[in-house]
Each structure stands twice: as C-alpha cells, then as structure tokens.
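Let's take a walk through this protein together, one element at a time. Have the sequence and the 3D view open as you read.

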Amino acid sequence: MSASEKLPSIDDQRQFWNWHWQHFEERKVINDWTERRAREILRLINGLPLKRPRMLDLGCGLGWFTEKMAALGEVHGIDLSPEGIAVAQARRPDITYLAGNIYDANLPTNYFDVVVSQEVIAHVDNQQKYIERATQVLKVGGYLIITTGNKWVMDRLGDVGWRVQPPQHIANQLSRGHLKAMLAPNYKILENFTIIPHGQLGILRFVNSFKLNAALSLLISPEKLAALKEKAGFGWQMIFLAKKTS
C-alpha cells in the first residue's frame with residue numbers, strides 16, 4: 001500500500017479478517033509453508049532459557065498456533081477478528097483469548113516472557129506503534145519473535161497476483177533492514193534468518209533455476225542447498241528473535 005492510498009479503518013480491517021477466517025480452509029491458510037514457519041518458532045521458544053513462560057500470540061486468528069504454544073507454558077491470544085476468536089475460544093476454553101485492537105486492548109504491561117507476532121506486522125496500519133505495544137507487554141529481558149514476508153524476495157516473486165488486495169486489507173511488506181531499525185531502540189537481535197526460498201525475477205531467476213538446481217543436486221542435497229539459500233537471505237519469510245533491553 002502506497003503512502004498516497006487511504007488506510008482502511010479498524011472496522012474495515014475487522015470485517016476483512018472476519019471474512020478471512022470464515023474462508024480459511026478454501027484459502028489454504030494452513031499449509032506446508034505455514035507449518036515450516038511454526039516449527040521454526042517453536043524451536044526458538046524451546047531454545048530460550050525459560051521454564052513455563054508466559055506467552056502472547058499477537059494476531060492469533062483461529063488459535064491454531066496458540067494451541068501449540070499452550071504445551072510450553074501460559075499462553076494468551078489476541079486478534080482483531082471476533083469471529084476468529086470465537087472459534088479459537090470454543091475449541092480451547094482453557095486458553096485466554098481476547099478479541100480487540102492491539103493498540104488499545106486491555107493487556108497487562110511488563111507481563112509476558114515471550115511475544116510471538118506471526119505474519120501480522122505487514123498488515124497493520126501503524127507498524128511502529130505495533131512494535132511499541134508488543135514492547136509494553138513484554139518484561140525487560142523478554143523475547144519477541146516476529147515473522148513477516150521478506151520484501152526483497154516478495155518484490156521478485158514474478159507472479160503479481162498476490163499484490164491485488166481488497167481495499168480493507170493492508171499489505172505493507174518490510175525489508176530486513178527496516179525491521180532491524182524498528183527493533184533497534186529497545187531490543188538486541190539474537191537471530192534473524194529467512195526460510196522457504198522463492199522468487200523468479202532478477203538474481204532469483206538464476207538462484208532458483210530448475211536447471212541450475214538440478215545440476216547442483218549432483219554435488220549437494222536439496223536440503224543443504226535450500227539451507228544455503230535461506231542463510232543468504234533468499235527465503236520469502238523472515239524470522240527475527242529479539243530480546244527486550246529497555
């Protein structure tokens with residue numbers, strides 16, 4: 001969304017996300033790529049020096065990932081969509097869920113050990129305020145795990161169909177440098193990496209060439225090759241682990 005375009009209201013955004021979660025099965029929201037991202041987040045949480053942490057799932061939708069987090073400690077979920085939250089709460093009444101706008105929702109400050117933001121920051125109307133809100137609810141020394149699309153790769157996907165969005169939906173992708181700068185004032189970045197190599201334009205046309213990758217497979221396994229691409233920043237998803245310092 002360009003700076004000249006009018007941002008949708010919170011009510012408009014809420015209507016979009018209600019529709020999104022009503023149609024999540026036909027839109028294949030949960031897929032192999034989603035599950036890969038989930039595994040990476042759980043790996044990061046499990047690697048933290050915490051026992052039974054207090055965790056918040058920002059933008060939890062139907063609560064599918066919140067439920068995975070619940071096995072690790074106390075977990076709360078919040079989403080703008082009341083319909084999504086209703087489904088999540090009905091399935092797991094033991095988890096604390098809240099339907100509301102993250103900017104003014106009644107969340108405890110300095111309470112959580114871990115905040116997870118999975119594919120949300122690109123879809124909010126004020127990204128800096130969103131980061132600030134996550135910072136407020138985290139304890140000093142707590143951890144923020146944030147995932148979002150890798151703008152550098154998404155600009156080189158080739159298929160522009162994903163760019164066509166309804167007017168109620170915000171899609172403002174971030175570069176790795178931009179996200180680092182947003183986190184810098186209050187966080188120490190412990191890890192940042194990309195996953196799921198993708199893209200067909202520019203250098204990615206060469207990097208992801210079928211012929212090149214077939215030739216390289218004679219020397220290196222597809223798994224190792226994908227890992228090298230991810231390390232080089234060619235994955236279409238970014239994952240950051242940051243520790244709150246102030």
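How many residues does helix α2 have, and how far does it reach from its first C-alpha to its last? Helix α2 covers residues 32-46, which gives it 15 residues, and it reaches 21 Å, close to the 21 Å expected at 1.5 Å a residue. Keep in mind that you are looking at a predicted model. At the start of this helix, N31 places a side-chain oxygen within 3.0 Å of the backbone nitrogen of W33.

Now colour the buried positions of α2: T34, R37, A38, E40, I41, L42, L44 and I45. An α-helix has 3.6 residues a turn, so residues three or four places apart point the same way. What covers these buried residues of α2? The cover includes helix α3 (64-69) together with the strands β1 (54-58), β4 (112-118), β5 (138-149), β6 (187-197) and β7 (235-244).

Those strands bring us to the sheet. Seven strands form an open sheet with mixed pairing, in the order β3-β2-β1-β4-β5-β7-β6. Its edge strands are β3 (96-99) and β6, each of which pairs on one side only. From one strand to the next, the twist averages 15°. Helix α10 (residues 222-231) packs on this sheet, where it touches β6 and β7, and its direction makes about 135° with that of β6.

Let's look at some of the pairings. Strand β1 is mostly covered, with four of its five residues buried. It pairs with strand β2 (residues 74-79) in the parallel sense over five bridges, and here you can find R54 opposite E74 in β2. Strands β4 and β5 also run parallel, joined by six bridges; S117 stands opposite I146 in β5. On to β5 and β7: do they run parallel or antiparallel? They run antiparallel, and seven bridges join them. T148 stands opposite M238 in β7. Strand β5 is itself mostly covered, since nine of its 12 residues are buried. As you turn the view, remember that in a regular strand the side chains alternate between the two faces of the sheet.

What lies inside? The largest nonpolar core has 34 residues, and those with the most contacts inside it are I45, M55, F65, M69, V114, V116 and I145. Helix α2 gives the most to this core, with five residues.

Why does K243 count as partly exposed? Its relative accessibility is 31%, and partly exposed means between the 20% limit for buried and the 50% limit for exposed. Not counting residues up to four places away in sequence, K243 touches G141, G142, Y143, N186, Y187, K188 and L190. One of these, N186, is 57 residues from K243 in sequence, yet the two are 8.3 Å apart in space, C-alpha to C-alpha.

Terms used. Residues numbered from 1 in each chain as written. Predicted model: local features only at pLDDT ≥ 70, side-chain atom pairs only at ≥ 80, totals over all residues. Heavy atoms only, no water. Helix = DSSP H or I, 4+ residues; strand = E, 2+ residues; numbered from the N terminus. Expected span 1.5 Å × (residues − 1). Buried < 20%, exposed > 50% of the residue type's maximum accessible area, 1.4 Å probe, protein only. Contact = heavy atoms within 4.5 Å. Polar contact = N/O pair within 3.5 Å; in protein donor to acceptor, adjacent residues only side chain to side chain. Pairing = 2+ DSSP bridges. Axes fitted to C-alpha atoms, helices over the stretch in contact; angles between N-to-C directions. Core = buried A, V, L, I, M, F, W, Y, C linked by side-chain atoms within 4.5 Å.
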